[in-house]
Amino acid sequence: MHEARQYKKTENNTATCSLCNHRCVIKEGKHGICGVRINEQGTLYAGTYGKISAEAVDPIEKKPLFHYLPGTMSYSLGSIGCNFHCQHCQNWHISRPELDDSHLRLLSPEKG
């Protein structure tokens, strides 16, 4: 796993994540609300670094920013994990799965 960038180490092997507004205080061996930021011995790791669950090229009209450059295409890339708990989420199958699910595929940021 890859060490997270946005967090602070605190006492008793606890880490405070600063990636989103929840500011999760994550104890040793636990994860944040998103389910993918994991504390191992006081170091926070990004469990989805370089792993994707969805990739698509779609017409811009399918996206929430459909007024921007009408008639063009949009590239979408995403992974699992979410810090929201929307009741009627259209992406429920990728927003809340376990980190060890096998449907993730590698896409190294370094190789781009």
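Two strands count as paired if DSSP finds at least two bridges between them.

## Ground rules

What you have here is a predicted model: local features need pLDDT of at least 70, side-chain atom pairs count only at pLDDT 80 or more, and totals for chains, interfaces and linings use all residues. Numbering starts from 1 along each chain as its sequence is written, and side-chain values use heavy atoms, with hydrogens and water left out.

## The overall picture

The protein has 1 helix and 10 strands. Reading from the N terminus, the elements go β-β-β-β-β-β-β-β-β-α-β. Along the principal axes, the C-alpha atoms fill a box of roughly 55 × 35 × 25 Å.

Of the 112 residues in the protein, 28% are buried, where buried means under 20% relative accessible area, exposed means over 50%, and partly exposed is in between (1.4 Å probe, protein chains only). The protein exposes about 8200 Å², with carbon and sulfur atoms supplying 53% of that; the areas come from the Shrake-Rupley method with a 1.4 Å probe, and for residues only the protein chains shown count as cover. As for contacts (heavy atoms within 4.5 Å), take those between residues at least 6 apart in sequence: 44% of them join residues at least 24 apart.

On the charge side, there are 13 positive and 11 negative side chains, and the centres of the two sets lie 4 Å apart. Lys and Arg count as positive, Asp and Glu as negative, while His and the chain ends are not counted. Each charge is placed at NZ of Lys, CZ of Arg, CG of Asp or CD of Glu.

Ile38 has Tyr45 in E6 as its bridge partner. E5 and E6 form a hairpin with 2 residues between the strands, and there Gln41 takes a positive phi near 55°.

## The E2-E3-E4 sheet

Another open sheet of 3 strands is ordered E2-E3-E4, also with antiparallel pairing. Strand E2 (7–10) and strand E4 (25–26) stand at the edges with a single partner strand each, so one side of each is left without a neighbour in the sheet. Strand E3 (residues 14–17) and E4 run antiparallel and are joined by 2 bridges, and Ala15 stands opposite Ile26 in E4.

Asn12 is exposed at a relative accessible area of 69%, whereas Asn13 counts as partly exposed at 39%.

Where does Thr48 sit? Thr48 lies in the loop between E6 and strand E7 (51–52), and at 17% relative accessibility it counts as buried. Setting aside its neighbours within four places in sequence, Thr48 is in contact with Val36, Ser79, Ile80 and Leu99.

Cys24 is in no disulfide, and the nearest cysteine sulfur, that of Cys20, is 5.6 Å away. Cys24 is buried, with a relative accessible area of 15%.

Then there is Cys86. Its closest cysteine sulfur, in Cys89, is 5.9 Å from its own, too far for a bond. Cys86 is exposed, with a relative accessible area of 53%.

Definitions and conventions: Helix = DSSP H or I, 4+ residues; strand = E, 2+ residues; numbered from the N terminus. Disulfide = S-S within 2.5 Å.
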